[in-house]
Amino acid sequence: MRRLKRTLLGVSIAAAFGVPLTFAGLAAGAGKINIAVFYYNPSPYGIASYKAAQLEAKKLGGISVTVFDANNDPTAQITQMTDAITTGKYKGFWVWALNGVAEAPTIKTAESKGIKVAVADYTLGDLNSQLTLTPTKGLVSTIGSNIGVQEQAFVKLIEEACTAKVGATGTCNVAFMPGLANYPTDTLRLQYFSTVLPSNIKMTITPPGEYDQPTAQGVALTFFQSKPNIQVFGSFGDQMTAGAITALNQLGITPGKDILMLGSGGTNEFVADIKAGSVYGTVALYPSTESYVGIKDLVAAIKGQKGIPTTVNVIDKNHPLIITAKTLKTAKGFKPDWSLTGNPG
């Protein structure tokens, strides 16, 4: 897989290639708690997730956060965790696991060394276990949401967009861009789409956009070059849909008019685009909220506090899943959790 070789949104070349970066909540000193953050990749989502961890560390005080970028490679992430265990430096791991099954033994090793571990996004385990947010024995907590409910939200959003474009029973051709060919969660969601979408919705899967805006732009330029008969475009990342929007504009296709655009993220930029009419909707994600909660709970566990919830579902009335012009009017407490520049909400 292509590695990102440029400086990304304030992240150094060292960070982009998996070299750890350290951020201290306070100046270095005795009694400092060291926490390692293992995040997915240097996408805006990944950057927001580690920046939020740094912000929470600063808020709590006395916490040093070191971040490790696996750049979408589960094997690299396992190596990073193994090396971090070997140092004996860290009291806590905050893990955005790229492959829960493959990484579970390494996480068990960390726990056996006395390292407190919490995981983000989904239940640690195989694809079926990710459908519902459940506790994992040994972990401090799992902070995220239910993949099963998220899948339903994607389908509902696709159906709503198709109805808006062609009516409830008209044939609706959807182009959908996954993030990674080898990411288990993407596979799980695409499998679900194929089994539940109604027969009038015809879905074509594009090549992966790698959760990267320029890559997605290139994929979309190639896919839409022949002006295929597509009514709705969607992806598993606002940044990828943003790349597709740029590509469509380059090809003289008007997003929001010729093709209804769907994203995943609920970013600041996409909320503005929904209000402007160039994007129909997005499935909201909350990487910053997850990191705020995850770091706070890890520190509490390290300090021996009791009563820490073993799961935290970040979806609630102020953190809805589906964001459209309609839901923006009803979800009064909603605020975007992150941005396409990688800044936390």
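**View 1. Surroundings of Thr-185.** Leaving aside residues up to four places away in sequence, Thr-185 touches Tyr-122, Leu-127, Gln-130 and Ile-147, where contact means heavy atoms within 4.5 Å. The model is predicted, so local features need pLDDT of at least 70 and side-chain atom pairs pLDDT 80 or more, while totals for chains, interfaces and linings use all residues. Residues are numbered from 1 along each chain as its sequence is written, and side-chain values use heavy atoms, without hydrogens or water. Thr-185 lies in helix α6 (residues 184-196); helices (H or I, at least four residues) and strands (E, at least two) are DSSP runs numbered from the N terminus. Thr-185 is buried, with a relative accessible area of 1% (buried is under 20%, exposed over 50%, partly exposed in between; 1.4 Å probe, protein chains only). The side chains of Thr-185 and Gln-130 are joined by a polar contact of 2.9 Å (a pair of N or O atoms within 3.5 Å; within protein, one able to donate a hydrogen and the other to accept it, with residues adjacent in sequence counted only if both atoms are side-chain atoms).

View 2. The 20 residues of α5 should span 28 Å at 1.5 Å a residue, and the end C-alpha atoms are 28 Å apart, which agrees (the expected span is 1.5 Å times one less than the number of residues). Among the buried residues of α5 are Ile-147, Phe-154, Leu-157 and Cys-162. Gly-167 follows α5 with a positive phi, near 95°. Ala-168 sits in the loop between α5 (147-166) and β7 (172-177) and is exposed, with a relative accessible area of 58%. Beyond residues up to four places away in sequence, Ala-168 touches Thr-163 and Asn-200.

**View 3. Packing of α3 against α4.** Helix α3 (residues 74-87) and helix α4 (residues 100-112) pack at about 5°, with axes 10 Å apart. Axes are lines fitted to C-alpha atoms, for helices over the stretch in contact, and angles run from 0 to 180 degrees between N-to-C directions. The two helices are therefore roughly parallel (angles under 35 degrees). Residues making the contact include Ile-78, Met-81 and Ile-85 of α3 and Thr-106, Ile-107 and Ala-110 of α4.

**View 4. Helix α10.** Of the 16 residues of α10, 13 are buried, so this helix is largely enclosed by the rest of the structure. Just after α10, Gly-304 takes a positive phi of about 85°.

Definitions and conventions:
Parallel < 35°, antiparallel > 145°, perpendicular 65-115°, else oblique.
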